[in-house]
Amino acid sequence: MTNEQITVERDGAVAWFTLDRPEKLNALTRIMSNELEAAFLDVRDDPEVRCVVLTGAGRGFCAGQDLSEFQAAYSSGQRPDIKEHLAETYHRLIPAMVDTPKPVIAAVNGVAAGAGLSLAVACDLRLASADAKFTQAFVKIGLVPDSGGTFLLPRVVGYAKALELSITGDLIDAAEAHRIGLVNRVVPAETFREEVSALADRLAAMPTAAIAEAKVLTLDALTLDLHEALAREAAAQARMGQTDDHLEGVAAFMEKREPDFKGR
Ligand code: LHQ
């Protein structure tokens, strides 16, 4: 499929998805959201892809919803139908990202605002360039966080910081994002691409099936009691015990060599 507003590239077992409207800081349109959703669904069952990187072209990561999509309504004094828009865009995209059964890295190269910040927190790991900035921009235009912003951000930074960011709209830099746990690591802009690539390659060589199970278990356990979480762990562990990668990991340990995981 040819995409208009994202690029999809393969580098070994890593799929790179790049938001590609650099002149608008990769603000999200309906087309971009739908293309990105399709890209995530495409790699879901592709055994050749064992890690995904999401990044932005140019100086921005993603400036959130492209507000000009609603320009016709705004300029005629009407109020936009946001509910329908959300159903057709983010409510499909965000679950497609979160449910991806392989590690997903947000390579936050520049500003992440509004729904752009939601994209970053829908990924499993966030690497920020030292140039990156973050804002829950919604409140600045009289909106509430959407695109999973009330659900995912508190799970990443905790309730108090999430609420602070959501009701102030403060723009924070990469160092502050790291301090509050919003990003896992900050990398100099000059070596950003190489460091993201190195992490992606490392994750792509790991036991992919176990990573997929750990993602589901960890997210679900946030709303389970201990007994249910233990039962889910046991069921998943029983499945993992049957994988080639489990046998390979144990064999490599016993033989004091590096494992060669196949992702199954
Ligand atoms: C943009 C945008 C943008 C269009 C920069 N749209 N052009 C869901 C459903 C329905 C309705 C509404 O919302 C939502 C969810 C949301 O995501 S709401 C939040 C939407 N995002 C924002 O409100 C952020 C708006 N942007 C900004 O505050 C700034 O651009 C940031 C802080 C991101 C970056 O500032 P600067 O680095 O100073 O860049 P800039 O403002 O000069 O932007 C560069 C260009 O990108 C500029 O275009 P131009 O033609 O003038 O050069 C901006 O107009 C354009 N742009 N964000 N969201």
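**Figure 1. His85 in helix H3.** His85 lies in helix H3, which spans residues 82–88; helices are DSSP runs of H or I with at least four residues, strands are DSSP runs of E with at least two, and both are numbered from the N terminus. The model is a predicted one, in which local features need pLDDT of at least 70 and side-chain atom pairs count only at pLDDT 80 or more, while totals for chains, interfaces and linings use all residues. Residues are numbered from 1 along each chain as its sequence is written, and side-chain values use heavy atoms, with hydrogens and water left out. With a relative accessibility of 3%, His85 counts as buried; buried means under 20% relative accessible area, exposed means over 50%, and partly exposed lies in between, with a 1.4 Å probe and protein chains only. When its neighbours within four places in sequence are set aside, His85 is in contact with Arg30, Gln65, Glu69, Phe70 and Tyr90, where contact means heavy atoms within 4.5 Å.

**Figure 2. The open sheet of six strands.** The strands of this sheet follow the order S1-S2-S3-S5-S7-S10, and their pairing is mixed; two strands pair if DSSP finds at least two bridges between them. Strand S1 (6–11) and strand S10 (185–187) are the edge strands, each of them pairing on one side only. From one strand to the next, the twist averages 20°. Helix H9 (residues 192–204) packs on the sheet and touches S1, strand S2 (14–19), strand S3 (51–56), S5, S7 and S10. The direction of helix H9 makes about 165° with that of S7; axes are lines fitted to C-alpha atoms, for helices over the stretch in contact, and angles run from 0 to 180 degrees between N-to-C directions.

**Figure 3. Strand S7 and its partners.** Strand S5 (residues 104–108) and strand S7 (residues 125–129) run parallel and are joined by four bridges. Within this pairing, Ala106 has Arg126 of S7 as its bridge partner, and Ala107 has Leu127 of S7. S7 also pairs with S10, in the parallel sense and over three bridges. Here Ala128 has Val186 in S10 as its bridge partner. Four of the five residues of S7 are buried, and the strand is thus mostly covered. In a regular strand, side chains alternate between the two faces of the sheet.

**Figure 4. The open sheet of four strands.** This sheet has the order S4-S6-S8-S9, with mixed pairing. Its edge strands, strand S4 (60–62) and strand S9 (171–173), each pair on one side only. The twist averages 20° from one strand to the next. Strand S8 (residues 133–135) pairs with S9 in the antiparallel sense, over three bridges. In this pairing, Lys133 stands opposite Asp173 of S9.

**Figure 5. A nonpolar patch on the surface.** Leu67, Tyr74, Ile141 and Leu143 form the patch, and together they have about 330 Å² of accessible area. Patches are made of residues with over 30% relative accessible area and no salt bridge, like charges being joined within 9 Å and nonpolar side chains (Val, Leu, Ile, Met, Phe, Trp, Tyr) within 5 Å. Accessible areas come from the Shrake-Rupley method with a 1.4 Å probe, and for residues only the protein chains shown count as cover. Ile141 is placed in the loop between S8 and helix H6 (152–157). The relative accessible area of Ile141 is 48%, so this residue is partly exposed.

**Figure 6. Salt bridges.** A salt bridge is a side-chain nitrogen of Lys or Arg within 4 Å of a carboxyl oxygen of Asp or Glu, and by this rule the count comes to 15. Glu228, at 36% relative accessibility, is partly exposed, as is Arg232 at 32%. Another salt bridge joins Arg264 and Asp244, whose closest N and O atoms are 3.4 Å apart. This pair links distant parts of the chain, 20 residues apart, with Asp244 in helix H12 (244–254) and Arg264 in the segment after helix H12. Arg264 counts as exposed at 53% relative accessibility, whereas Asp244 is partly exposed at 42%.
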